[in-house]
Amino acid sequence: KHPVLGCVLFTAPHFAFYRGAGARFSSFDICSVTSVCSEGQNTQKTATLLVFLAAQLCIALGSALWILGPIYLDRHVCQSSMNLYLSCLYASAALGPAVGFLMNGALLDRWVSPWEEAPSSLTPDSPIWTGNWWIGYLIFGAVGLVCVVPLSLFPRYLPGTVEVRKAKLKSRELVMDHDADQKTTMNVESSARDQETPRGEKVRKFVAKDFKTFSMACKDILGSFMRVFTMLAHGTENFAVSALSTFLPQIIQAQFGITPGLTSIIFGVTIVIGAVSGIAFGGWFVKWRNYDGVQTARFCFIIACVSLPLSFSFLLLGCPGNTVFPAEEDDLILFAEDLCESPNTCRRRLALFIVLLFLLMFTTFSNNVPGSQVILRSTELKERPLAMALNSTIARLTGSIPAPLLFGLGLDRLCLVHSSETCNGGTCLLADNTRVKYLALIVSFVFKSASAIFLLLAWRFYKKNQACRQIASTSDSSNARLC
C-alpha cells in the first residue's frame with residue numbers, strides 16, 4: 001500500500017502549483033543568468049521537494065518485497081529451480097523502471113496538462129518545455145493497487161514446503177558455526193499452534209528472548225568472512241549502479257544535446273535489453289551448468305572482472321564541440337546560453353556509447369541472481385531471511401544511500417555556469433564535460449574493482465569452508481588442522 005500512496009503523492013505538486021498554459025513563458029527563464037524568479041517560486045520549490053521526499057519514503061517502505069520475495073521462493077522452491085525463479089523476480093524488478101523510462105519518454109513529449117494545448121512558442125526541444133511528468137505515477141499507482149490484492153492472498157506455506165526444506169538441509173554448502181538440526185526445518189503443525197497462542201503471551205515471549213536470538217543470529221551470519229565479503233561486494237557494486245543510474249539520464253542529455261523524452265527512451269531501452277537479459281543470463285547459466293555454491297561464487301568473480309574494462313566506455317561521453325570553452329567569464333556565459341538554446345549533437349558517438357553501456361549493464365546485472373544464491377545457499381535455513389535483510393541493509397548503507405548524495409555533490413562542483421543566481425543557483429547551464437566523464441569513469445572503475453576484490457575473497461573463503469566440511473565428514477584428522 002505504501003508504494004501506491006507514494007505514487008499518488010508524487011502527483012500532488014502538479015495539482016497544487018500548476019496554473020495553466022496561459023502563464024507567461026520566456027526562453028530566457030532557464031537559459032539566462034540574469035533572469036529573476038517570480039515571487040513565491042522559491043516557496044514552491046521547497047514544498048515540492050518536501051512532497052517528493054515524503055513520496056519517495058513511502059515507495060521505499062515497499063522495498064521489503066525484494067527481501068521477503070526471495071525468501072518466500074527459497075522456502076517453497078527446490079534448489080535446482082531456484083535460479084530460474086530468482087531470475088524472473090529480479091528481471092521484473094529491472095523491467096519495471098525500464099517501462100517507466102519508456103513511458104516517460106513518450107509522456108514528456110506531451111504538454112504537462114493533457115486537457116490543454118501547449119503554447120505555440122514552445123516545442124519539446126525548447127529548454128523550458130514542461131512535459132507530462134506526473135500522469136505516469138497515477139498509472140503505476142493504479143497498477144500497484146491491483147497487484148496488492150493477489151499478493152496478499154498467498155498462504156504462509158505451500159504444499160510440499162517441508163519436503164523442500166528437508167532436502168536443502170542435506171546440502172553441504174551451509175556455512176555456520178554449528179551443525180544443522182531438525183529445529184531448522186519448519187514444523188507446520190507447531191506454526192499452526194502458535195497462531196492460536198494469545199497475542200499478549202506472544203508479545204511477552206518476543207520481549208523476553210527475541211533480542212538475544214537476533215544477536216546470536218547476526219553473529220552467526222556476519223561471523224563468516226565469505227558472507228561479509230559477498231555483502232560488501234553487493235554494496236560497492238550498488239554504489240556505482242545507484243550513482244550512475246540516478247544521474248546518467250541527465251548526463252547523457254547534457255553531453256549529447258538530446259531532449260529529455262529521447263533520453264528517457266534511450267536509457268529505458270538500454271535497461272530493458274541490458275539489465276533484463278543480464279539477469280536472465282546469470283540465472284540460466286548457473287542453472288544450466290548446475291553450479292554449487294563455490295562454483296557460483298567463482299562465476300560472480302569472473303563476471304565482475306569481465307565488466308571492469310567496460311567502465312572505460314564513459315570516456316565516450318560528450319560531443320567534441322561541448323568540451324572546449326572560452327577563457328573569459330563573459331564569453332563563457334554567452335557560450336553557455338547559446339549551448340543551452342542550441343545544443344550540439346553527435347548521434348554516432350551516442351550510438352557507440354549506448355552499445356558499450358548495454359554491455360556494461362548486461363555484465364553488471366548478470367551477478368544479481370548468482371550473488372543472491374551465494375548468500376542463500378551458504379546460510380542455514382532459519383537464518384536466510386535475516387541474511388537477506390542484512391545484505392539489503394549493508395548494500396543500502398554502503399551503496400544506495402551515500403552514492404547519489406556524493407556523486408550529485410561532485411556534479412555540482414563541476415558546474416561552470418548556472419542559469420540564474422537569484423533562483424537558488426538555478427539549473428546548471430554548462431558543466432565541465434571533460435571532468436564529468438572522468439568522474440563517471442572513476443566511480444565506475446573504482447567501485448567495480450572493489451566489488452571484484454571482495455568477490456574473489458568470498459570465493460576463496462567459500463572454497464576453503466567447503467573443503468573443511470568435506471574433511472570433517474571423512475574424519476581426516478591429519479588435514480583437519482588446516483581448517
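## Overall fold

Two residues are in contact when heavy atoms of theirs lie within 4.5 Å. In this predicted model, residues 24 or more positions apart account for 80% of the contacts in the protein chain that have a separation of 6 or more. The secondary structure of the chain comes to 20 helices and 2 strands.

Of the 483 residues in the protein chain, 43% are buried, while the chain as a whole exposes about 25,600 Å², with carbon and sulfur atoms supplying 64% of that area.

Helix H11 covers residues 225-256, and its 32 residues reach 44 Å from the first C-alpha to the last, which is close to the 46 Å expected at 1.5 Å a residue. The helix bends by about 50° at Leu248, and Pro249 follows within four residues of that position. After H11 comes Gly257, whose phi is positive, near 65°.

Gly235 and Arg396 are separated by 161 residues in sequence, yet their C-alpha atoms are 6.8 Å apart in space. Arg396 belongs to helix H17, which spans residues 384-400, and it is classed as partly exposed because its relative accessible area of 33% falls between the limits of 20% and 50%.

## Helix H13

Helix H13, residues 293-307, has 15 residues and reaches 21 Å from its first C-alpha to its last, close to the 21 Å expected at 1.5 Å a residue. At its start, a side-chain oxygen of Asp292 comes to within 3.3 Å of the backbone nitrogen of Val294. Val294 is also one of the buried residues of H13, and among the others are Phe299, Cys300, Phe301 and Ile303.

Conventions: Residues numbered from 1 in each chain as written. Predicted model: local features only at pLDDT ≥ 70, side-chain atom pairs only at ≥ 80, totals over all residues. Heavy atoms only, no water. Expected span 1.5 Å × (residues − 1). Bend = angle between axes of the 7 residues up to and from the residue. Buried < 20%, exposed > 50% of the residue type's maximum accessible area, 1.4 Å probe, protein only. Polar contact = N/O pair within 3.5 Å; in protein donor to acceptor, adjacent residues only side chain to side chain. Areas by Shrake-Rupley, 256 points an atom, 1.4 Å probe, with all protein chains shown as cover.
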